Amino acid sequence: MKQNLSRILTLALALMLVLTAFASAETVDPAIAAIQARGKLLVGVKADVPGFGYQELGGDFEGLEIDLAKKLAQKILGDPNKIEFTAVTAKTRGPLLDTGELDLILATFTIMPDRLLQYDFSAPYFVDAVGLLVKKDGGLASFADFDGKTVGVAQSSSTRAALEPAAEELGIKVEFLEFPTYPDIKAALDSGRVDCFSVDKAILTGYVDDTVVLLADSFNAQPYGAALKKGNAGLLAVVDELIAQLRASGEMDELMAKNDRPEVNWDEVDAYHESLWAEAEALAAQQ
Amino acid sequence: MNGPFSIANWRAWFNAAPLFMRGYGQTLLISLWGLVFALIIGILAGVALTGRNRPLKLFLRGYMSFFQNTPLMIQVFILYNVLPKLGVRMGVVTVGVVGLALYTGAYAADIVASAIRAVPWGQTEAAESQGLSRVQTLVFVILPQAVKVGLPSMTNQAVNLVKNSSIMAVIAGGELMYVADSWSGSNLIYGPTFVMTAVLYLTICLPISLFARWLEKRSVRNV
């Protein structure tokens, strides 16, 4: 009997050891462990893009990307509010990731092959088409009328990359001017410096007023992904898992509806997704 | 090696160097013309400030106060986006030249005026006693001496002007800073980009600075 008891005890001890080993194997990723030790998730978001990342003067951040970040905090830390948002711009988001001041960026960051060489991107959580905003009295009805015209785009946006092949196909010559912010492009459109303001449609709808009109033309899909520092595989896996879960459960569509985002064709997203990573690999092989 | 300064990123930058050289050329072009007009404004306004025409002096004080005490970025933005609505439409290079000339000219006027005032009054009296007219006194006696006093500060303004030309990036100016922002924004290669952009600005500004220091040393020796 005594022998039996000690045998059971030994067995129980061994089992406990094995279980602890499993448990620690699950949290062994240093990036996740660092976030948990810190007790909050550091996320870079946009502060000036309604529907994605927007901050009222001194108020809380809101938008699709804010909601996604909260879901991620819930998943890693068990609390959607254990999170610190930092407003980023096109110029600050790269360096903030590299210095480790942010865990990840959720800021209308378009996944592009050459960007995949610099940072790791999650699977897309949104995809949008590029649209064209023109002046009502400018006489432009479609992209075919754009020969010799000037298009204003945002610095570090992929709009230009989407429009250039389309212009080539139509055999027209279009000039591009890049501006640091969306309001700068709108001002340039209003003053006649550019004939068209072009970015992703979901962003463009925020700039429609009495004097301008959104054309029916639509160009290449622009998939948004979360960006992470290269080699942060543990966190990347968690983000990808979260996006897959949210899509499978239909929660992602609910978040889109809640934030007034257009419906997303996920099949299109997946097809595009794969082609982007393949292109990036080809690009890396070239270098 | 990975990270922002990886060898692949440096290689990518050097492949794109011709693009940056075009921006460099645009920076030189805008700076050079900006400097020429800033000097013209500075000398004319500086001389007028030491003269006796009160309404003109009041007007110049107003001009200098506005351009010295508002951000250059706003001035350039007005030239680029507001003037077209009033029917004045300048190309982007002209906007840069006019903006930099008006801004730097406001400082240059102060430098010229104080350089003229630094020339002892006795010089004017002596010139007038020799029968020189006011203009002759200014051109042959006062200005040659004032140049010595004002040149070092003026060269500093020239350096500032070159660096300030980077403000053109916000209005798609096509100069060096615009190229750097645009290129690195698209492919996210910011490491080599901004290091090399700084080096390119240095190749313009450092020689001017060294020239200024040499001038200063020389003028100290000659006093």
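Start by selecting the contact between the two chains: 19 residues from chain B and 22 residues from chain A take part, where two residues are in contact if their C-beta atoms, placed from the backbone, lie within 7 Å. This is a predicted model, in which local features need pLDDT of at least 70 and side-chain atom pairs count only at pLDDT 80 or more, while totals for chains, interfaces and linings use all residues. Residues are numbered from 1 along each chain as its sequence is written, and chains are lettered from A and ligands numbered from 1 in the order in which they are written.

Stay on chain B. On the side that touches chain A, the elements giving two or more residues are helix H1 (7-15), helix H4 (72-82) and helix H8 (176-187) of chain B. Helices (H or I, at least four residues) and strands (E, at least two) are DSSP runs, numbered from the N terminus. H8(B) gives the largest share of this side, five residues. By class, this side of chain B holds nine nonpolar, seven polar and three charged residues. Here Ala, Val, Leu, Ile, Met, Phe, Trp, Tyr, Cys and Pro count as nonpolar, Asp, Glu, Lys and Arg as charged, and the others, Gly among them, as polar.

Next, select helix H3 (residues 54-69) and helix H5 (residues 92-118) of chain B. Their axes come within 9 Å and cross at roughly 120°; axes are lines fitted to C-alpha atoms, for helices over the stretch in contact, and angles run from 0 to 180 degrees between N-to-C directions. That angle makes H3(B) oblique to H5(B). Angles under 35 degrees count as roughly parallel, over 145 as roughly antiparallel, 65 to 115 as roughly perpendicular and the rest as oblique. To see the contact, show Leu60(B), Tyr63(B), Met64(B), Phe67(B) and Gln68(B) on H3(B), with Leu102(B), Tyr103(B), Ala106(B), Tyr107(B), Ala109(B) and Asp110(B) on H5(B). This contact has nine nonpolar, one polar and one charged residues.

Move along chain B to helix H6 (residues 121-129) and helix H7 (residues 134-164), which pack at about 155° with their axes 10 Å apart. H6(B) and H7(B) are therefore roughly antiparallel. Select Gln123(B), Thr124(B), Ala127(B) and Glu128(B) in H6(B), which meet Thr137(B), Val141(B), Ile142(B) and Gln145(B) in H7(B). The residues of this contact divide into three nonpolar, four polar and one charged.

Now switch to chain A. Strands S2, S3 and S4 form an open antiparallel sheet in the order S2-S3-S4; two strands pair if DSSP finds at least two bridges between them. S2 (48-49) and S4 (61-62) of chain A stand at the edges with a single partner strand each, so one side of each is left without a neighbour in the sheet. S2(A) pairs with S3 (residues 53-55) of chain A over two bridges, and Asp48(A) has Tyr54(A) as its bridge partner.

Finish with the five-stranded open sheet of chain A, ordered S11-S10-S12-S9-S13 with mixed pairing. Its edge strands are S11 and S13 (212-214), each pairing on one side only. Strand S10 (residues 150-154) and strand S11 (residues 175-179) of chain A run parallel, joined by five bridges. One of the bridge pairs to select is Ala154(A) with Phe179(A).
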